[in-house]
Amino acid sequence: MMKNKVKRKFNLISKPPDKRDILTRELIHNSNISIVDRDSLFNLINLNSTFCEHDSNPNKKSNCKKYCRCLEGLGNDVWKKTYEKVVDEEEGNNINLRAIQEKPCGLNNTGNHCYVNSFIQIWFSYIPFREAVYTFEPINDFFPKDTKINIQDIILTLKKLFITMQITPFEEACALPLITLLKLDNEQNDALEFTTLFFATLERELGNHPNGEKLRNLLQTCLSWQQEQKLVCSCGYKSETSMEISSLHLHIEDVKALPMAISNYFRVERLEDFKCSGCLKSGFVEKRIKITKFPPVLLIQLNRVSYDYLGRNVKVKTPIEYPRLLRSSMISEGLNEDIEYELFAVMIHEGKETHCGHYYDLIKDPGSGKWFRYNDRIVEEVKAPGYDDEPTGKVKCDMKGCYALLYKIKSDDEPIPQPDDDLRDMIENELNELFKIQKEGTIWDRLWRTVYKKYYTIVSSIWNELKVSSSPIDEENMDDFVLLPTELIKEFSSCLYDSYSKRKVFPPDVILKPERDSTVEEIFEVFEKDIYQRKASSFVSIELCCHKKICLELILSGKIKVVNRKAAEDILSLLPVNVFLYKNNEDYLPYSLPSVDSICLECLKILIQKINYENSFKETERILKKVNNEYIKRIPEKILITWKDDVNNGYWVSKDELKNYRKLALLSIGEQFKVDDSTYFVGFANDVSSITNMDDSDGLCQLQDDEVLPKKGKHDSDLECFNNLQLCTQEKDKSLIFNGSLKCDHGNLSISKKRLYVTEEEWKQLVKPFMEVYTVPYQTSECRECIAIQNAEVSKRQDYVSKINSIKKTLGPILRTIENRNIMDDTASFSLGICKQFLKHLINFRNGDKADEITGICQECVLCEDHNMPYLSPEMKEYAEMLAPIDEEEWDLIQETISSVGFDINSKKIFLNHTETLSSYEFCNHCNSKALEDQENSKYFYPDGGTVVVRITRDDNCNKVEISRYGRRSNRNQLTLKMFSTETVYELKSRIATEIRCDVYALSIFNGEKELDNASTLEQSKVPQNNQDYPLQAIVYTSNGSQETVYEERPIEKGFKDTVLGF
């Protein structure tokens, strides 16, 4: 159960508005301090306490703020952790080796190349492919046909990687040389796409190599299926097509097991809208698919990409069970041979999205027959995936993410191929040398370990000396201890740690091979300055009070620690830094480390007096509560009626200042106890220039704590508690005058500010905290000048209201008639237009309205902003919304009525006849054209989504046979899709291809006569939303001989465009 945090309790009136003294106030409140001397102060701050929070809570890692002698949690623990790693390196405990016969080798992930590791691990486990790679022999005089692709180097690199994975004692190998040769970037890519492109590249280029025939033949056959597609019509017409495929692409939505997905793939499909080439009728053709030839390796791809109702691709997370053994008869019947396949690899895509994530594999090791999970460098033994006889119905992690299943022809005896001895010996020598380097380290490693251990000893020694022993601090030994900033202690540890915790190499101009008789220590003495240059320490500063002493708040907040003087001086000499006293970034004087008796008692005494003064306002709180409860009785309108006692001795108080009374009282108290605002700092830096070259905020910001100190600019020198109050009644930079808001600009009692009546006794109690008060006795009269101004404004308002009511009385019926007219109707009898907004303001005017005054016929809303000219035309939506039609007689009547009350009648006429406007009056063609253009472009901008309608047709010679097999959403061969104007034409094609089950690259989309570009957005292509009247035209291209969709060769994925696989 979580413990509730203890809240700091203060009197409402004494709650500090500034956090700079919050801990000191809490200490005063909890300890009930009245008189303070040095001994009692030491007891209050636990100076001689030997027990701290780290003793009661060993897991506490943060700085101890209660006990100023505790140095735990200040960053020294990082040294020990790194030191343990150094010791492990020297003893060789950091090297992880594997049992070669029991555990396979993993692969380092050099970036976003998990898809490459997945490919390598799977095909390394396929023995025929490994053997074919091993038997490839290079030739000395080979020159690649394409200089961009050196197939010999690629195969040799793959061969060396396979041999390394087979014989290395380390837990992982690295595929970076192969990745570099293929010029793969650091983008995430599809693992099966990489497999297809890589095999295609090898197959093409191996034809140009004299020794590449065996590997090329294996690549041509290992994944080659033969698929036969037959179209059969009830009239007897048949059409057969045979093609090679490299994988079986299965849809798995709403499918629980692999046999069901296979069955769905080979299910007979009736093509409802397909026209038979024999009888030329639709609806009688069936499509049948079967496999006529099986490859040595079955690559079954499980489609995990789908689209939501917005057209966004989403990952299909349907779990699917798969068998460990698969017979060819389960896929296609009627073959002469029933081939038995066994599962040997499962490729898994981990991640919520389809375009990103991580690949790992479950692979059966051909040597031990055990199953392992290959997750880059981590290889772990797992249970065999899949099921034996029947699906179990239990959902496992691999079932939700399996992306591809690989089966190979079952074989009982499959020996592990062995590489040639020369290459094997060369790789073994390289691995032995690498093992020796990892165990002993290079000369750089040994040098770094020596340097680190040296400074670890120095820092540990100083740190131990820095801690104050358990003996108490008294008058006799007080000089042996000093106050040191916590940030300086942290800087001491971090500065040296950053300088020596990272191993470095020799500069190029340094001799790398010293004499044989030289020891590491001798090398260090020669090269220390060149290799391990100590980092300069950061500037640290602490703020002193006006008495040039340490504020108690810094002790209580853990910003300053009590440490041994000698160890503190060692820190200053080791960094090295000097101590300066300065004020306002000037007058830098040498200074000594502050001693324990430098804690300021004077500031503490002043704060105690201030708090005692604040807490004496209980009676004032009672008065404030009483005045608030009797608010109605105390306002000027009710005081003579409700007040029973004599009111002549009372006073008026501003309602706003009573509301902010607590803040104002605290501010006034702060002014009374304000001390000299001169602020001094003690800076720790190498020299004065390192201080003056820094920003003003660099020094002190290191000492701020979000829990205690507020974040302020520069040196945070405002020590007063009340300078940052934001008051609604008075400016901060003016002197504080209580009740001053009741004084008007003429120096008299204001008539605009609300005020309340208080008795003489209440007034005396309320003004106690304030040095300056604006006194307003009850008999004080309100300012005559303000009253005269107010009366003049009221008279002017009444006259204005009278004029408006006179206009409404005369024009009321006709104004409503004009407002209800539609300018788009027959306007033959109306030649002019008037602003509808002006009519609404006039008709709906009320006496209490504070809206802009009506001074004439306002046409501003229907004039352009730049040129103040008419610009609306009937083609614009705003034309009917903003203009009402009137005739000349009505215009004259409105002008005459407006003029009769003295309002302006010089308003511009807006003619409804565009020709007449051009000939007889000014019209802004520029703004009109711009507004029409903006209105036209708005149709193509729908970032929150809009409906796009597409009509689907085929591009053939049979009267453009239309497709309608895309489900319930079809309406006369149309698709209605929700799209965004920011989506591309290609994304629209992908949506259409998913709906009608065709290849996205067999689609072209036309907007009118113009074909849309794939890379353009719908807005750039000027595709409007809600285009039911003029839908887009999507054409599905077909072949000439039959009405089969032409599936063009898939272009290179963007991620492989600039790689070897894209050439």
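Student: Where does leucine 742 lie?
Tutor: The model is predicted, so local features need pLDDT of at least 70, side-chain atom pairs count only at pLDDT 80 or more, and totals for chains, interfaces and linings use all residues. Residues are numbered from 1 along each chain as its sequence is written, and side-chain values use heavy atoms, without hydrogens and water. Helices (H or I, at least four residues) and strands (E, at least two) are DSSP runs, numbered from the N terminus. Leucine 742 lies in the loop between α26 (698-701) and β24 (755-758).

Student: Is leucine 742 buried or exposed?
Tutor: Buried means under 20% relative accessible area and exposed over 50%, with partly exposed in between (1.4 Å probe, protein chains only). The relative accessibility of leucine 742 is 0%, so leucine 742 counts as buried.

Student: How many residues apart in sequence are leucine 742 and aspartate 656?
Tutor: In space, C-alpha to C-alpha, leucine 742 and aspartate 656 are 9.6 Å apart. In sequence, their separation is 86 residues.

Student: What is the bridge partner of glycine 833 in β27?
Tutor: Strand β25 (residues 832-835) pairs with β27 in the antiparallel sense over 2 bridges. Glycine 833 has as its bridge partner in β27 isoleucine 910.

Definitions and conventions. Two strands pair if DSSP finds at least two bridges between them.
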